[in-house]
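Subject: Structure handover

Hi,

Here is the structure you will be working with. My notes on what turned up follow below it.

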Amino acid sequence: MLLFSLVLLIIGWYLRKNVNKLELVFTKENNRNLLAFSSSFLGLGIIGVPVSFIFPTKEFALFFVAIVLVVSATFSIRLSKKMK
């Protein structure tokens, strides 16, 4: 879970830093969604690092992965609605 949280931090940081470069792929309307998505990944990563030391169980790790999947699905649905 620690490794997964660190990957989330790296992805969130990369998305936040390169929002302007990603305008080629995403429209300016989607930049707000992209910033919210990167913030949520950064937040989940920050929460996941200390919690992985406090609750190092399989059940909590699966719950954490499920939360990340829900956040990713929400972003994908919002992005696909903006693309139409």
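A search of the whole structure gives five aromatic pairs. One of them joins phenylalanine 37 and phenylalanine 75. Their rings are stacked, with 4.1 Å centre to centre and 15° between the planes. This pair links distant parts of the chain. Phenylalanine 37 sits in helix α2 (residues 28-54), phenylalanine 75 in helix α3 (residues 58-83), and the two are 38 residues apart.

Phenylalanine 60 and phenylalanine 63 are three residues apart in helix α3, so about one helical turn separates them. An α-helix has 3.6 residues a turn, so residues three or four places apart point the same way. Phenylalanine 60 counts as partly exposed because its relative accessibility is 25%, between the cut-offs of 20% and 50%.

There is also a cluster. Ring pairs tie Phe37, Phe41 and Phe75 together.

Now the overall picture. This is a predicted model. The mean pLDDT of the protein is 82, and 88% of its residues reach 70 or more. Among the elements, α2 has the lowest mean pLDDT, at 83. Helix α1 (residues 2-17) has the highest, at 87.

The protein has three helices and zero strands. From the N terminus on, the order is α-α-α. Of its 84 residues, 29% count as buried. For contacts with a separation of 6 or more, 75% come from residues 24 or more positions apart. The protein exposes about 5800 Å², and carbon and sulfur atoms supply 73% of that area.

Next, helix α1. It has 16 residues. From first C-alpha to last it reaches 22 Å, close to the 22 Å expected at 1.5 Å a residue. Which residues of α1 are buried? They are Ser5, Leu8, Gly12 and Leu15. Seen down the axis of α1, these buried residues fall within an arc of 90°, so they line one face of the helix. On the other side of α1, Leu3, Ile10 and Lys17 are exposed.

- Serine 5 is found in helix α1. Its relative accessible area is 0%, so serine 5 is buried. Leaving out residues up to four places away in sequence, serine 5 touches Gly45, Gly48, Val49 and Phe64.
- Lysine 17 also lies in helix α1. Its relative accessibility is 58%, so lysine 17 counts as exposed.

To recap: phenylalanine 37 and phenylalanine 75 stack and link distant parts of the chain. Phe41 joins them in a cluster through ring pairs. In α1, the buried residues line one face of the helix, because they fall within an arc of 90°.

Best wishes

Note on methods. Residues numbered from 1 in each chain as written. Predicted model: local features only at pLDDT ≥ 70, side-chain atom pairs only at ≥ 80, totals over all residues. Heavy atoms only, no water. Phe/Tyr/Trp six-rings, centres within 6.5 Å; stacked < 30°, edge-to-face > 60°. Helix = DSSP H or I, 4+ residues; strand = E, 2+ residues; numbered from the N terminus. Buried < 20%, exposed > 50% of the residue type's maximum accessible area, 1.4 Å probe, protein only. pLDDT = per-residue confidence, 0-100. Contact = heavy atoms within 4.5 Å. Areas by Shrake-Rupley, 256 points an atom, 1.4 Å probe, with all protein chains shown as cover. Expected span 1.5 Å × (residues − 1). Arc of directions from axis to C-beta.
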